[in-house]
Amino acid sequence: MEFTLQIHLQFDKMYGATCLVLENIALDGSTYSQRGDTTLSFKLLMSFDFTFILHIMKNVMGITDVLCQALQQKSQDILNAIHLVTTTKTLI
């Protein structure tokens with residue numbers, strides 16, 4: 001339960017403005033179709049599956065970014081690079 005709340009709080013911090021716009025369109029949209037589409041989009045955006053996938057993607061991208069930054073350093077030798085890749089695989 002705590003993990004779910006943490007993910008939703010992080011999602012709200014990152015995409016709070018988007019959610020607010022979608023809520024406003026869902027309430028004040030000019031057509032029924034627009035309001036319905038926006039309501040469905042907002043529900044899907046707030047679903048656990050979507051939020052969880054975003055959370056996992058953020059973590060994976062962070063880990064791979066660290067690997068990429070390390071591998072771009074000229075001082076890396078091949079053994080250290082192999083170790084970095086192995087460690088990254090373990091983290092992912």
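Student: Which pattern does the protein follow when read along the sequence?

Tutor: The predicted model has 4 helices and 0 strands. Read from one end of the sequence to the other, the protein therefore follows the pattern α-α-α-α.

Student: Which element has the highest mean pLDDT?

Tutor: Across the protein the pLDDT averages 82, and 88% of the residues score at least 70. Among the elements, helix H1, which covers residues 2-28, has the lowest mean at 74. The highest mean, 87, belongs to H3.

Student: How many nonpolar residues does the contact of H3 with H4 have?

Tutor: From H3, the residues Ile-63, Leu-67, Ala-70 and Leu-71 take part, and they meet Ala-81, Leu-84, Val-85, Thr-88 and Leu-91 of H4. Sorted by class, this contact has no charged residues and 1 polar residue, while the number of nonpolar residues is 8.

Student: Is Thr-88 buried or exposed?

Tutor: Thr-88 is found in helix H4, and, leaving aside residues up to four places away in sequence, it touches Ile-63 and Leu-67. Its relative accessibility is 9%. Because the cut-off for this class is under 20% relative accessible area, Thr-88 counts as buried.

Student: What is the relative accessible area of Ile-63, and how is this residue classed?

Tutor: Ile-63 lies in helix H3, and, not counting residues up to four places away in sequence, it touches Thr-88, Leu-91 and Ile-92. Buried means under 20% and exposed means over 50%. With a relative accessible area of 22%, Ile-63 is therefore classed as partly exposed.

Student: What distance separates the C-alpha atoms of Ile-63 and Ile-92?

Tutor: Ile-92 is among the residues that Ile-63 touches. Although the two residues are 29 residues apart along the chain, their C-alpha atoms are separated by 7.4 Å.

Conventions
Residues are numbered from 1 along each chain as its sequence is written. This is a predicted model: local features need pLDDT of at least 70, side-chain atom pairs count only at pLDDT 80 or more; totals for chains, interfaces and linings use all residues. Side-chain values use heavy atoms; hydrogens and water are left out. Contact means heavy atoms within 4.5 Å. Helices (H or I, at least four residues) and strands (E, at least two) are DSSP runs, numbered from the N terminus. Ala, Val, Leu, Ile, Met, Phe, Trp, Tyr, Cys and Pro count as nonpolar, Asp, Glu, Lys and Arg as charged, and the others, Gly among them, as polar. pLDDT is the predictor's confidence in each residue, from 0 to 100. Buried means under 20% relative accessible area, exposed over 50%, partly exposed in between (1.4 Å probe, protein chains only).
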